[in-house]
Amino acid sequence: MISEKMQEALNAQINKELYSAYLYKAMSAVCSQENLDGFANWFNIQAQEEYAHAMGFYNHIIDRGGVINLLAIDAPCLKERTPLDLFKRTLEHEQYVTACIYELSDLAVAENDKPAKLLLDWYVREQLEEESTAEKIIDTLTRFGKDENALFFLDKDFSTRTFVQPTIA
Ligand code: OFO
């Protein structure tokens with residue numbers, strides 16, 4: 001049985017993952033408006049991944065006989081308009097999510113909650129990948145972002161990204 005405290009913390013994390021999906025959907029819309037369809041696709045797939053992340057916590061709570069408490073999702077406040085600024089915001093957001101995952105992992109250790117710790121280990125690895133991907137794209141955009149041809153080919157490349165359902169924990 002999951003503790004009340006862990007249940008509440010994981011429900012809060014479901015909300016953060018759904019907010020992430022919302023944020024990336026908003027970024028996808030900005031890219032579509034700028035006719036950057038490949039970038040729009042990349043953020044759209046990212047939004048789908050975030051929904052899957054939320055479901056990972058959702059399923060964990062259900063599997064352990066807990067109670068799901070879905071909270072209101074904040075509207076994303078997005079002023080960024082260029083691909084570089086969108087990916088800088090992405091990295092900033094993922095660093096925040098990583099900190100949240102670490103806190104949950106610490107809670108699992110403090111409560112000696114082995115199933116939650118096992119689940120959270122998957123998210124710790126996932127966050128490593130999320131941050132590293134954003135960093136690499138920021139690096140590429142910083143170097144070639146002013147080159148219209150480079151942006152064109154990057155947009156083409158991002159149009160090939162497809163959603164792969166993650167196997168969580
Ligand atoms: Fe769920 O990893 Fe991004 O936010």
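Select Asn35 to begin. At 64% relative accessibility, this residue counts as exposed, because the cut-off for exposed is over 50%. One thing to know before going on: this is a predicted model. Asn35 is found in the loop between helix H1 (residues 4–33) and H2. Check the backbone here. Asn35 is not a glycine, yet its phi is positive, about 60 degrees. Most residues other than glycine have a negative phi.

Now jump to Asn112. Which loop holds Asn112? The loop between H3 and H4. Asn112 is exposed, with a relative accessible area of 54%.

Are Arg64 and Asp113 buried or exposed? Both are buried. Now look at where each one sits. Arg64 is in the loop between helix H2 (37–63) and H3, while Asp113 is in the loop between H3 and H4, so the pair ties together parts that are 49 residues apart in sequence. Side chains of opposite charge can pair when their charged atoms come close.

How many salt bridges does the structure hold? There are 5. Two others are worth a stop.

Select Arg89 with Glu80. This is a salt bridge, with 3.1 Å between the closest N and O atoms. Arg89 counts as buried, at 16% relative accessibility.

Then select Arg143 with Asp139. Their side chains meet in a salt bridge, 2.7 Å from N to O. Both residues belong to helix H4 and lie 4 residues apart, about one turn of the helix. Arg143 is exposed at 56% relative accessibility. Asp139 is partly exposed at 37%.

**The helix pairs**

Switch to cartoon view. Colour helix H3 (residues 83–110) and helix H4 (residues 114–144). Their axes are 9 Å apart, and the helices pack at an angle of about 160 degrees. That makes H3 roughly antiparallel to H4. Their crossing is left-handed. Show the side chains at the contact of H3 with H4. The residues there divide into 18 nonpolar, 6 polar and 6 charged.

Keep H4 and bring in H2. This pair packs at about 170 degrees, with the axes 11 Å apart. H2 is therefore roughly antiparallel to H4. The crossing of H2 and H4 is left-handed.

Now hide those two and show H1 with H3. How do H1 and H3 run, parallel or antiparallel? Their axes come within 11 Å and cross at roughly 170 degrees. The two helices are therefore roughly antiparallel to each other. By class, the contact of H1 with H3 has 17 nonpolar, 4 polar and 5 charged residues.

**The cysteines**

Select the cysteines and show their sulfur atoms. A disulfide is a covalent bond between the sulfur atoms of two cysteines. How many disulfides does a search of the whole structure find? It finds 0. Start with Cys77. Cys77 is in no disulfide, and the nearest cysteine sulfur, that of Cys31, is 17 Å away. Such a pair would need to be within 2.5 Å to count. Cys77 is partly exposed, with a relative accessible area of 49%. Move on to Cys100. Cys100 is in no disulfide either, and the nearest cysteine sulfur is that of Cys77, 18 Å away. Is Cys100 buried or exposed? At 9% relative accessibility, Cys100 counts as buried.

**Last stop: beyond H4**

Follow the chain past H4 and select Asp147. This residue has its place in the loop between H4 and helix H5 (148–158). Asp147 is partly exposed, at 36% relative accessible area. Asp147 and Pro166 are 19 residues apart along the chain, and their C-alpha atoms are separated by 34 Å.

Methods. Residues are numbered from 1 along each chain as its sequence is written. This is a predicted model: local features need pLDDT of at least 70, side-chain atom pairs count only at pLDDT 80 or more; totals for chains, interfaces and linings use all residues. Side-chain values use heavy atoms; hydrogens and water are left out. Buried means under 20% relative accessible area, exposed over 50%, partly exposed in between (1.4 Å probe, protein chains only). Axes are lines fitted to C-alpha atoms, for helices over the stretch in contact, and angles run from 0 to 180 degrees between N-to-C directions. Angles under 35 degrees count as roughly parallel, over 145 as roughly antiparallel, 65 to 115 as roughly perpendicular and the rest as oblique. A crossing is left-handed if the near helix is turned anticlockwise from the far one by less than a right angle, and right-handed if clockwise. Ala, Val, Leu, Ile, Met, Phe, Trp, Tyr, Cys and Pro count as nonpolar, Asp, Glu, Lys and Arg as charged, and the others, Gly among them, as polar. A salt bridge is a side-chain nitrogen of Lys or Arg within 4 Å of a carboxyl oxygen of Asp or Glu.
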